[in-house]
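Me: I have a structure open and want to go through the packing. Can you take my questions as they come?

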Amino acid sequence: MIHFSLRQVEYFAAAARHGGAARAAQALNVSQPSISKAIAELEELWGEQLFVRLHARGLELTAAGTARFRQARALLRQAESLVAPRSATLEGQLRVGCLSTLGPRYLPEVLARLRAEHPGIAVQVEEGDTETLTRQLERGALDVALMYDLGLARSVRLEPVTDLRPYALLPWGHALAGRGQLRLAELAREPLILINLPHSRAYFLSLFHAAGVTPRIAHESASMEMVRAMVANGLGVSVLTTRPLRDVSYDGKRIACRALRGTLLPQSVVLAYPAGSDQQPALTGVLTHTVRASFSRQPDEVKPTPS
């Protein structure tokens, strides 16, 4: 005999997704005590602690809670499929995360193709930095995320899409812009405008350190367009991997993109999924195919000649 209800499982899963009973209650439009009571009843029934209670910070899944959450998501998705009539077309909601520096360049085309080819799929988009997206994947708040693989030893599953080489970004007319390719040692003598998203910042600094030089950081920003505009206005140079189609900053000034010499660690673009089984294989499979098709048609990035 089953001794729990789908409502209890739904409340538990909402608390896991939102990281707290209060936020889960707000999302489901129910009272917070209802969420807390459901969690307590399931913990007693299963004989496992599902969450660690963090003072003023909400709830964090335990190892047992993470395993139960995966089972709960699968159960809820099956229950949802019983509610709707059977359909030959793909339907459902896909929660897609995207790194904020990659999103504007690549995601809109993917979404447009997805809507044209599969109008029954509703996509909810969440932008963020690598750390935020990884946490959302770990707790099941996202089905898939387009991001960089920055060597995170985390419980997410990664599928490679493509590699992007870093390139130099300079003000138009800069003395170094007349060169076809540059070394990081040359850029290190200039003031650097650094992208400072978590993990991305460490990646770009590691390129300089691997080259045996230390950059002179003049400004930092979490916005790629802010970095590009600062460079365009002569405040320094930068190193990026994502390259918009036009070498013009947000305020309309020209920018020079130049290849970097040497063996440089590329940034690997990946599709990241929650660890364990894929609860929406048909929907995520369609998105994966659309992303790969979109990237296969992209023009070549800035490439160097051999060192």
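What follows is a chat about helix packing, cores, a sheet and one threonine in this predicted model.

Me: At what angle do H1 and H3 pack?

Reply: Helix H1 (residues 6–18) and helix H3 (residues 32–46) pack at an angle of about 105 degrees. Their axes are 8 Å apart. An angle from 65 to 115 degrees counts as roughly perpendicular, so H1 is roughly perpendicular to H3.

Me: Which residues in H1 and H3 meet?

Reply: From H1, Gln8, Val9, Tyr11, Phe12 and Ala15. In H3 they meet Ser34, Ile35, Ala38, Ile39, Glu41 and Leu42.

Me: And by class, what is in the contact of H1 with H3?

Reply: Eight nonpolar residues, two polar and one charged.

Me: Switching to cores. How many residues does the largest nonpolar core have?

Reply: The largest nonpolar core has 34 residues. Those with the most contacts inside it are Leu170, Leu184, Leu187, Phe208, Val239 and Leu260.

Me: Which elements give two or more residues to this core?

Reply: The strands are E7 (167–171), E9 (191–195), E11 (238–240) and E12 (255–260). The helices are H7 (184–187), H8 (200–210) and H9 (224–232).

Me: What does Leu187 touch?

Reply: Leaving out residues up to four places away in sequence, Leu187 touches Ala168, Leu170, Leu176, Leu182, Phe208, Val237, Ser238, Val239 and Leu260.

Me: Do E7 and E12 run parallel or antiparallel, and how many bridges join them?

Reply: E7 and E12 run antiparallel, joined by five bridges. Pro171 stands opposite Ile255 in E12.

Me: Last one, Thr288. Where is it found?

Reply: Thr288 is in helix H10 (residues 281–296).

Me: Is Thr288 buried or exposed?

Reply: Thr288 has a relative accessible area of 11%. Buried means under 20%, so Thr288 is buried.

Me: What does Thr288 touch?

Reply: Glu159, Leu271 and Tyr273, not counting residues up to four places away in sequence.

How values were computed. Residues are numbered from 1 along each chain as its sequence is written. This is a predicted model: local features need pLDDT of at least 70, side-chain atom pairs count only at pLDDT 80 or more; totals for chains, interfaces and linings use all residues. Side-chain values use heavy atoms; hydrogens and water are left out. Axes are lines fitted to C-alpha atoms, for helices over the stretch in contact, and angles run from 0 to 180 degrees between N-to-C directions. Helices (H or I, at least four residues) and strands (E, at least two) are DSSP runs, numbered from the N terminus. Angles under 35 degrees count as roughly parallel, over 145 as roughly antiparallel, 65 to 115 as roughly perpendicular and the rest as oblique. Contact means heavy atoms within 4.5 Å. Ala, Val, Leu, Ile, Met, Phe, Trp, Tyr, Cys and Pro count as nonpolar, Asp, Glu, Lys and Arg as charged, and the others, Gly among them, as polar. A nonpolar core is a set of buried Ala, Val, Leu, Ile, Met, Phe, Trp, Tyr and Cys residues joined through side-chain atoms within 4.5 Å. Buried means under 20% relative accessible area, exposed over 50%, partly exposed in between (1.4 Å probe, protein chains only). Two strands pair if DSSP finds at least two bridges between them.
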